[in-house]
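Subject: Structure for your review

Dear colleague,

Please find below the structure that I am handing over to you. My notes on what was found in it follow directly after.

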Amino acid sequence: MDDNAAIERCRAGDNEAFRHIVERYQAEAIGHATAILGNREDALDAVQEAFIDAFQALDQLDLNRRFYPWFYVVLRNRCYKLAHGRQKREMSNADDMEILAAAATIRPENSMLLEQAMLELSAEDRELITLRHLDGLSYQELAERLGVPQGTIMSRLYHGRKKLRDRLARLSFTGLKVEL
Amino acid sequence: MSDLKCESVSMAAMAIADGYQPELSSQQIEIHLASCANCREELGQLQELSSLLDTQERRLGTETLWLKIERRLPEVNRTSTSRGSASFMVLGALLLGYRLVELIPDRDFSFLFKFVPVLLVIAAFSYLRENPFKINSELSLEGES
């Protein structure tokens with residue numbers, strides 16, 4: 001069953017058809033929510049709520065557009081609502097490696113430091129950097145998904161990467177070919 | 001060309017490396033970089049960091065959420081339709097009752113009696129926590145496109 005067929009069935013009152021949507025996108029959504037919230041437990045709550053929000057708003061989805069970019073807007077709204085609702089965010093322990101998957105291109109200890117440095121960024125910077133580098137979105141795609149001009153993406157990405165570099169330097173990160 | 005701010009140059013150079021064409025041209029950037037060691041050093045670090053980040057992958061979720069979500073879907077339907085339609089049916093019945101009372105001949109109701117329907121409607125929308133004047137911007141935009 002493709003997404004549009006599932007959505008049509010949901011609109012007709014078949015809740016079970018929504019299972020197709022949830023199971024298809026939950027892994028990606030949890031990854032995205034974790035990058036914003038820096039905490040997998042909160043991410044799971046946010047993703048659940050976002051799927052409920054999406055289910056309620058399915059009538060507003062234009063079937064000529066893909067589901068996930070539309071859902072991503074719903075998801076990030078949920079994430080930021082959750083993040084701003086807390087006085088002090090409880091970040092995950094960097095030993096857990098929740099944002100990044102283990103990679104052969106970097107030593108495990110450097111991988112931990114990179115994760116830790118990313119957790120020290122703001123949710124907005126972390127979201128943008130991970131969408132650009134882990135998902136490979138172009139500036140145009142980033143601008144559409146985040147609802148800001150491409151010039152803003154350029155500026156925010158530049159400053160976000162500088163902050164990340166500064167945090168890595170403070171953590172004595174040695175995973176780059178140049179000295180920080 | 002030397003009037004260019006270092007930050008603008010570094011930002012533009014990173015954007016070009018990302019595949020985006022900023023307002024500054026590659027030639028302007030090259031001329032500035034040739035005479036600015038600070039910018040060359042900063043760009044070297046940022047480009048290395050970008051290359052490293054490009055090799056990383058996102059950790060995806062392995063959790064299964066359907067059972068938790070499924071339990072709440074009927075509840076979603078009930079709250080969004082049943083509660084609303086029942087409330088509006090009650091409102092309709094009350095307004096009909098008001099109209100019948102108003103039609104009774106030779107009864108002199110006070111001026112305030114005319115505000116009863118308005119109060120009923122306000123009470124119904126307050127109960128449903130709905131704003132009858134709210135415009136759904138997403139639907140409006142879809143309509144325009």
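I begin with confidence. Where pLDDT is low, the predicted coordinates should not be read in detail. For chain B as a whole the mean pLDDT is 81, with 79% of its residues at 70 or more. The model scores ipTM 0.88 and pTM 0.75.

Two remarks on conventions are needed. This is a predicted model, in which local features need pLDDT of at least 70 and side-chain atom pairs count only at pLDDT 80 or more, while totals for chains, interfaces and linings use all residues. Residues are numbered from 1 along each chain as its sequence is written, and chains are lettered from A and ligands numbered from 1 in the order in which they are written.

Overall architecture

Chain A has eight helices and zero strands; chain B has six helices and zero strands. Helices (H or I, at least four residues) and strands (E, at least two) are DSSP runs, numbered from the N terminus. The C-alpha trace of chain A spans about 60 × 35 × 35 Å along its principal axes. Of the 180 residues in chain A, 38% are buried, whereas 14% of the 145 residues of chain B count as buried. A residue is buried if 20 or more other C-beta atoms lie within 10 Å of its own, exposed if 12 or fewer, and partly exposed in between, with C-beta atoms placed from the backbone. Taking contacts between residues at least 6 apart in sequence, 59% of those in chain A join residues at least 24 apart; in chain B the corresponding share is 61%.

Helix H3 (residues 40-56) of chain A has 17 residues and reaches 24 Å from its first C-alpha to its last, close to the expected 24 Å; the expected span is 1.5 Å times one less than the number of residues. Its buried residues include A:Asp42, A:Gln48 and A:Glu49, as well as A:Phe51 and A:Phe55. Leaving aside neighbours within four places in sequence, A:Val47 is in contact with A:Gln26, A:Ala29, A:Ile30, A:Ala33, A:Leu75 and B:Leu65.

The interface

In total, 38 residues of chain B are in contact with 47 residues of chain A. On the chain B side, helices H1 (6-17), H3 (37-54), H4 (66-103) and H6 (137-144) each give two or more residues, and H3(B) supplies the largest share, nine residues. This side of chain B divides into 17 nonpolar, ten polar and eleven charged residues. Here Ala, Val, Leu, Ile, Met, Phe, Trp, Tyr, Cys and Pro count as nonpolar, Asp, Glu, Lys and Arg as charged, and the others, Gly among them, as polar.

Further points in chain A

In helix H7 (residues 139-146) of chain A, A:Tyr139, A:Leu142 and A:Arg145 are buried. Seen down the axis of H7(A), the buried residues fall within an arc of 130 degrees, so they line one face of the helix; the arc is that of the directions from the helix axis to the C-beta atoms. Their cover includes H4, helix H6 (123-133) and helix H8 (150-170) of chain A. Just after H7(A), A:Gly147 takes a positive phi of about 70 degrees.

A:Ser172, in the segment after H8 of chain A, has a phi near 55 degrees, a positive value in a residue other than glycine. A:Ser172 counts as exposed because it has 8 C-beta neighbours inside 10 Å.

With kind regards

Conventions
Contact = placed C-beta atoms within 7 Å. pLDDT = per-residue confidence, 0-100.
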